[in-house]
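Please look at the structure below. A short report follows, written for a first reading.

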Amino acid sequence: MTTTNATRPAVEDSEPDGTTADAGEPKGWQFNSPLVLTMLLLAGVVLQGPIRGALSAPVMQSWMTVFVAVIVQALPFLVLGVMLSAVIAVFVPPSFFARALPKRPALAVPVAGMAGAVLPGCECASVPVAGALVRRGVTPAAALAFLLSAPAINPIVLTATAVAFPGDPEMVLARFVASLLVACAMGWLWHRLGRADWLRPPDRPSWEDLGKGAAFWGSVRHDVMHAGGFLVVGAMAAATLKAVVPADWLGLAADNLVFSILALAVLAVLLSICSEADAFVAASLTQFSLTARLTFLVVGPMIDLKLFAMQTATFGRGFALRFAPATFTLAVLVSSLVGAVLL
Amino acid sequence: MNRQAQAAVLLLTGGAILHAGLTDLYLRYVKAGLRPLLLTAGVVLIATAIATVWYERRSPRPQRDGDGERDGDGERDGDGDGGGHAHRDGDGHAHREPRIAWLMVLPLLALVLVSPPALGSYSAMRTGTALQKQPWGFAELPKGDTVRLSLVDYAGRAAYDHGRSLDDRRIRTAGFLAVGSDGTPYLMRMALSCCAADAQPVKIGLTGRTPTVLRPDTWLEVTGTYTGKQTKDPVNDGIIPFLNVTETKPIKAPKDPYDESWNG
């Protein structure tokens with residue numbers, strides 16, 4: 001029992017800050033939820049016809065398609081990440097990470113950043129894993145470096161980048177270097193400036209006293225439902241942008257160097273494309289310079305709407321509100337510099 | 001949302017994902033290569049639902065008559081009694097389950113009840129053509145008078161090779177119809193690299209004996225010859241080559257509505 005309490009800080013005393021979205025809930029609500037769920041599903045089935053009718057406009061159809069597509073695509077990776085994080089939380093002892101990572105956080109950051117290369121997946125998998133690492137006692141600076149680097153520098157993503165830019169192989173190198181630099185810089189920045197009370201993982205039930213099987217499945221269930229809910233928020237935002245905002249306004253920004261970099265950085269945040277696919281989208285933004293497109297590739301896997309929602313879920317809103325703008329700024333600066341040197 | 005309701009949502013979501021993966025439904029949303037991952041995820045979600053119900057049913061009973069638990073016994077007995085129990089019962093109710101989880105019902109309803117169609121002309125016309133120059137040249141055409149080419153293949157040869165590799169042969173290709181703001185008919189294929197959120201169109205324009213009735217999103221098989229005519233996509237200034245059509249035939253939409261060949 002003592003280990004449970006030691007490795008799960010701030011579970012008991014975390015004040016309801018709204019990010020968990022379940023604070024201050026009347027108790028009666030919980031007992032009704034199967035009923036509410038049944039009513040919801042029934043209403044959906046009964047109103048199927050009218051709902052379909054309302055959704056038959058092209059803009060609604062394309063919204064729904066993108067919405068479902070983002071969820072269907074992200075869910076396997078989310079499940080993978082959640083399983084991995086449950087394995088870390090239940091089966092890997094904290095002492096393992098103490099031995100695997102250098103003692104000094106300043107050194108642990110680049111090691112963890114490079115370790116991101118071995119998680120073959122996109123950003124949906126890295127968020128729960130980084131959350132589990134923090135709960136397991138890994139220094140947050142290192143876990144954050146891992147969080148940022150894993151989706152950008154793993155072999156699958158780099159291969160996809162090479163395929164998408166057949167004429168510019170230096171793009172792969174630039175993406176690797178810029179992403180790793182930003183990840184390490186953010187880790188070090190957190191180590192220097194970060195405060196432990198910003199990092200407030202939402203209330204998580206502890207299952208460790210129930211045996212490992214219950215702990216494992218309890219963790220998987222909780223994380224899928226929790227992160228999944230936030231994933232839905234992100235998917236809705238991304239679908240709205242894809243279906244509603246016209247693409248040609250981008251052309252206006254392409255002429256000015258500074259504007260074009262900022263425009264693609266913002267676009268990467270808004271579109272929330274999986275990091276395995278974003279290279280192909282970047283390749284098609286032909287009216288933009290390579291540096292601007294590099295910015296798109298560096299910013300996208302580190303911070304976008306979907307990720308912001310999921311980081312809020314895993315680390316708390318106070319963290320996400322500070323971490324996201326810092327990551328964005330640093331990613332834009334570093335990728336402009338790397339682009340100027342390498343491309 | 002309490003744990004029974006979560007188990008129900010997990011079960012239904014897992015079932016819906018499995019269903020989509022076992023039929024061709026998933027091809028409307030993601031690339032074909034994602035299928036094994038989808039099926040695995042579906043199975044894991046269902047297993048999670050079953051495990052949730054299983055542990056929930058067992059939890060009111062004392063722990064030590066637990067049988068069939070999958071972990072080492074010594075470990076569980078070690079922490080099973082000394083206060084661990086009271087702790088669990090104490091906060092088993094105090095921990096509120098995530099309310100945001102209710103949102104998981106939305107994609108479930110969307111996938112099961114609506115099953116939105118693959119992206120079509122609406123998205124395609126709003127997105128610039130993704131046609132790109134391929135550095136490794138073009139393969140030899142197969143023998144025969146009429147050659148069947150994918151739309152993306154034809155567009156690449158026409159735009160970047162000026163039709164040289166086409167030898168004035170008759171080309172047969174397929175795609176869905178879209179109509180430009182000036183009334184020009186276009187034939188398109190959406191190309192996909194991961195999921196529909198990154199789908200991008202490759203477009204060719206139709207000239208010559210174009211169909212008289214232009215209904216967007218209908219799938220057509222067109223036969224025709226290369227023409228030097230080109231236009232620029234108003235969205236991103238990409239090249240849209242044309243095909244001089246001699247014959248058109250409506251066809252059924254293919255099993256995989258997206259072209260996944262061009263990006264590996």
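Strand 5 of chain B is joined to strand 6 (residues 239-250) of chain B by 10 bridges, and the two run antiparallel. Strands pair if DSSP finds at least two bridges between them. Strands themselves are DSSP runs of E with at least two residues, helices are runs of H or I with at least four, and both are numbered from the N terminus. Opposite Val222(B) stands Thr248(B) in strand 6 of chain B. Strands 5 and 6 of chain B form a hairpin, with six residues between them. In the turn, Asp237(B) has a positive phi of about 65 degrees.

Strand 5 of chain B (residues 219-232) also has strand 2 of chain B as a partner: six bridges join them, again antiparallel. Here Ala174(B) has Glu221(B) in strand 5 as its bridge partner.

This is a predicted model, in which local features need pLDDT of at least 70, side-chain atom pairs count only at pLDDT 80 or more, and totals for chains, interfaces and linings use all residues. Residues are numbered from 1 along each chain as its sequence is written, while chains are lettered from A and ligands numbered from 1 in the order in which they are written.

A residue is buried if 20 or more other C-beta atoms lie within 10 Å of its own, exposed if 12 or fewer, and partly exposed in between; C-beta atoms are placed from the backbone.

How is chain B divided? The domain assignment gives domain 1 (3-116) and domain 2 (123-259). Such bounds come from an automatic or database domain assignment. Seven residues of domain 1 of chain B are in contact with eight residues of domain 2. Contact means that the C-beta atoms of two residues, placed from the backbone, lie within 7 Å. On the domain 1 side there are four nonpolar, no polar and three charged residues.

Now turn to chain A. Its secondary structure comes to 17 helices and zero strands. Of its 343 residues, 57% count as buried. Among contacts in chain A with a separation of 6 or more, 85% come from residues 24 or more positions apart.

Helix 15 of chain A (residues 290-302) has 13 residues. From first C-alpha to last it reaches 19 Å, close to the 18 Å expected at 1.5 Å a residue. This helix is mostly covered, with 12 of its 13 residues buried. Among them are Arg293(A), Phe296(A) and Met302(A).

How confident is the predictor? The complex gets an ipTM of 0.83 and a pTM of 0.76. Per residue, confidence is given as pLDDT, from 0 to 100. Chain A has a mean pLDDT of 81, and 86% of its residues reach 70 or more. Over residues 1-30 of chain A, the pLDDT is below 50. Chain B averages 81, with 84% of the residues at 70 or above. In chain B, residues 61-94 stay under 50. Where pLDDT is low, the predicted coordinates should not be read in detail.

Note on methods. The expected span of a helix is 1.5 Å times one less than its number of residues. Ala, Val, Leu, Ile, Met, Phe, Trp, Tyr, Cys and Pro count as nonpolar, Asp, Glu, Lys and Arg as charged, and the others, Gly among them, as polar. pLDDT is the predictor's confidence in each residue, from 0 to 100.
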